[in-house]
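Let's take a slow walk through a structure together.

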Amino acid sequence: MHQAPPRREKRRIIPLIEVTLLAIALVLPILLDDFWVLFTTRVFILGMLALSFDLVWGYAGIMSFGQALFFGMAGYSAALLATKWDITSVFVLLPVAAIVGLVVAFVIAVIIILGKRPPNLVFVALGTLTSSYVVERLARGWSYVGGQNGIPSLPRLTAGSFELTEGPLFYYLALVLLALVYLGLRVLTRSQFGLVLAGIRQQEHRMAFFGYKIQNYKGFVFSLAGLVAGLSGGLYAFHEGYVGPGQLGPVLSTQVVLYALFGGAGTLVGPIVGTGLVDLFSYYLSQMWQTGWPIVLGLLLLIIVMFRPTGLIGFLVSDRERVGSFGRPSKVVPIRKASHEPA
Amino acid sequence: MHLLEARQVSKVYGTLTALDKADLVVRHQEFHGLIGPNGSGKTTLLKCIAGAEFPTSGAVLLAGDDITEAMPPERSRAGLSLKFQITSVLPQLSVYDNVLLALQAQDSILSLMLSRSRRALHEKAMHLLARFRLDDRRDELAAVLSHGQQQWLEIAMALAREPKVLLLDEPTAGMSPQERRATGELLAPIKQTCSLLIVEHDLDFIKDICDSLTVLDQGQVVASGPIHEVQNSSRVKEAYLSHV
């Protein structure tokens with residue numbers, strides 16, 4: 001009898017990290033003061049943005065320097081709805097933000113990804129970088145969206161008659177959304193679709209000869225990542241009470257790349273860890289050395305990226321565990337025995 | 001009607017004519033060899049047929065349909081499958097997942113997201129792996145297989161789509177004599193289901209498994225036909241075989 005589908009790789013480390021981080025995240029607001037609750041909420045939201053980059057780069061091999069574009073445009077759209085039309089419902093603004101991210105990403109995908117042939121990595125990297133830069137410049141010069149000053153003093157999100165104030169309430173909202181996005185992406189990247197993405201990342205050219213139309217898969221993933229970035233952009237705008245041109249531009253896009261590479265791209269949990277640690281280092285280094293801290297942080301990131309391409313998670317997780325296997329676990333399906341298979 | 005036909009195919013790179021009005025015909029359930037000295041245009045012709053390159057002029061027909069302008073995914077769906085000269089298995093995936101990847105290529109994005117077909121494809125995957133003697137290594141990364149086993153894995157992947165024509169570019173390159181013999185044995189049964197066009201330097205291997213042969217020299221077809229006829233052609237002997 002043939003054996004069952006290959007055993008699921010026993011992932012001992014990644015689930016352990018996931019459960020530990022979730023458990024810590026659940027109790028943190030009890031242990032931390034207000035400043036650190038706000039700080040950690042921001043990490044969750046930017047971690048979601050880092051997840052969107054991990055999906056396109058870590059899984060599909062698309063080097064996007066435009067994640068901030070989807071993040072910022074979603075933030076601006078939600079902020080405009082709140083300030084111009086007095087809409088503050090979380091059930092309207094966050095879905096709108098996610099959809100704006102999806103639509104903007106899809107439009108960019110149509111322009112630079114969905115051609116007759118799959119685009120090369122540099123073309124996509126430059127295309128997304130340029131888009132991000134151009135839209136940031138437009139926002140800085142457009143008075144309707146506040147120009148250089150952006151849109152300040154956003155009203156609080158509401159859920160019915162409740163105001164979602166910054167602090168523990170917003171913290172748990174961000175945590176729940178991050179957990180849901182994480183879970184969704186985890187299922188997706190471990191599905192048969194995830195196998196296609198792994199194939200595209202490793203041997204894109206070969207995949208076309210199996211019959212896969214690479215552009216369609218890349219366009220789909222790119223748009224989906226736009227949705228995640230848009231959701232985080234909407235959250236970020238109302239957490240900070242402000243949206244500005246900096247949230248659209250290449251600086252934030254590059255920062256997200258660093259979050260993912262520092263933590264470990266292609267693992268989902270790595271970019272979240274990377275976001276937390278980079279922001280934490282930034283905070284402490286800026287306290288210690290107000291002018292030169294970016295140099296120290298930059299060197300640290302450079303060392304990790306150069307000498308540990310798998311990021312910090314690579315110190316804990318084996319390559320085999322990172323690869324894992326694909327498709328949901330299934331029960332043993334008894335089928336005919338191969339002629340030479342050992343009994 | 002021929003199953004696969006290259007009609008007057010030319011390929012020009014700048015001032016270099018790699019292929020000059022080459023004709024080639026592969027019939028149903030035929031193993032067809034394509035040989036020639038280095039630089040004769042064998043791989044270029046194979047690439048033009050597979051869609052890795054597009055001919056400067058001429059046409060490629062599969063089962064009577066003109067696929068000259070079709071992109072590789074369309075050719076694959078039409079029934080062409082290619083094994084590259086340089087082994088291109090997916091090294092960081094398990095052996096099983098390499099085959100699964102080839103098998104599930106016809107699924108929709110939604111079906112793949114829901115992992116709907118994995119169980120249904122499991123039996124096919126295991127049969128393919130067993131056929132190419134890789135089932136006991138299915139959980140290992142493809143990168144750790146020997147060169148010969150990687151070649152077999154790639155042939156298994158190319159066969160996964162149940163193609164009408166399988167294109168093999170030097171499948172025995174770098175193999176030991178035992179592995180070459182085994183490769184011939186592994187390929188023989190596929191004649192019942194598909195035709196084979198094979199580019200190979202090993203003439204003994206070609207003679208062992210092929211029914212017909214096309215000989216290229218300097219981008220032109222020198223001879224084509226049943227293997228015994230081509231083998232005895234004085235023109236071929238002069239142009240190519242005597243120098244091998």
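Which domains does the domain assignment of chain B give? There is domain 1, made of residues 4–89 + 161–243, and domain 2, made of residues 90–144. Bear in mind as you look that this is a predicted model. If you take the centres of domain 1 and domain 2 of chain B over their C-alpha atoms, 27 Å separate them.

The largest nonpolar core has 174 residues, and the members that touch the most others are B:Leu45, B:Val99, B:Leu129 and B:Ala156. Domain 1 and domain 2 of chain B each give residues to this core, so the core lies between them.

Which residues is B:Leu129 in contact with, leaving aside its neighbours within four places in sequence? Going along the chain, you'll find B:Val95, B:Tyr96, B:Val99, B:Leu134, B:Asp135, B:Arg138 and B:Ala156.

Is B:Met126 buried or exposed? A residue is called buried once 20 or more other C-beta atoms lie within 10 Å of its own. B:Met126 has 26 C-beta neighbours inside 10 Å, so it counts as buried.

Next, let's see where the two chains meet. In this interface, 34 residues of chain A are in contact with 36 residues of chain B. On the chain A side, the elements that give two or more residues are α7 (192–210) and α12 (319–323). The largest share, 12 residues, comes from α7(A). Sorted by class, the chain A side has 17 nonpolar, 11 polar and 6 charged residues.

Leaving aside neighbours within four places in sequence, B:Leu90 is in contact with A:Gly199, A:Gln202 and A:Gln203 from chain A, and with B:Asn98, B:Leu101 and B:Ala142 from its own chain. B:Ala182, on the other hand, is 92 residues from B:Leu90 in sequence and 23 Å from it in space, C-alpha to C-alpha.

Two packed helices are described by the angle between their axes and the distance between the axes. Helix α10 (residues 269–288) and helix α11 (residues 293–307) of chain A pack at about 140 degrees, and their axes are 8 Å apart. The crossing of α10(A) past α11(A) is right-handed. From α10(A), the contact uses A:Phe281, A:Ser282, A:Leu285, A:Ser286 and A:Met288, while α11(A) brings A:Trp293, A:Val296, A:Leu297 and A:Leu300. By class, that makes 7 nonpolar, 2 polar and no charged residues.

A:Leu261 is the next stop, in helix α9 (residues 250–263) of chain A. It has 26 C-beta neighbours inside 10 Å, so it counts as buried. Apart from neighbours within four places in sequence, A:Leu261 is in contact with A:Val305 and A:Gly311. A:Ile313 is 52 residues from A:Leu261 in sequence, yet the two are 9.9 Å apart in space, C-alpha to C-alpha.

Let's finish with some exposed spots. A:Gly141 lies in helix α5 (residues 121–141) of chain A, and it is exposed, with 10 other C-beta atoms within 10 Å. A:Asp86 is found in the loop between α3 (67–84) and α4 (90–112) of chain A. With 8 other C-beta atoms within 10 Å, A:Asp86 is exposed. Its phi is near 55 degrees, a positive value in a residue other than glycine. B:Lys21 also has a positive phi, near 50 degrees, but this residue is in strand β2 (residues 16–26) of chain B and counts as partly exposed, with 14 C-beta neighbours inside 10 Å.

Definitions and conventions
Residues are numbered from 1 along each chain as its sequence is written. Chains are lettered from A and ligands numbered from 1 in the order in which they are written. This is a predicted model: local features need pLDDT of at least 70, side-chain atom pairs count only at pLDDT 80 or more; totals for chains, interfaces and linings use all residues. A nonpolar core is a set of buried Ala, Val, Leu, Ile, Met, Phe, Trp, Tyr and Cys residues joined through C-beta atoms within 7 Å. A residue is buried if 20 or more other C-beta atoms lie within 10 Å of its own, exposed if 12 or fewer, and partly exposed in between; C-beta atoms are placed from the backbone. Domain bounds come from an automatic or database domain assignment. Two residues are in contact if their C-beta atoms, placed from the backbone, lie within 7 Å. Helices (H or I, at least four residues) and strands (E, at least two) are DSSP runs, numbered from the N terminus. Ala, Val, Leu, Ile, Met, Phe, Trp, Tyr, Cys and Pro count as nonpolar, Asp, Glu, Lys and Arg as charged, and the others, Gly among them, as polar. Axes are lines fitted to C-alpha atoms, for helices over the stretch in contact, and angles run from 0 to 180 degrees between N-to-C directions. A crossing is left-handed if the near helix is turned anticlockwise from the far one by less than a right angle, and right-handed if clockwise.
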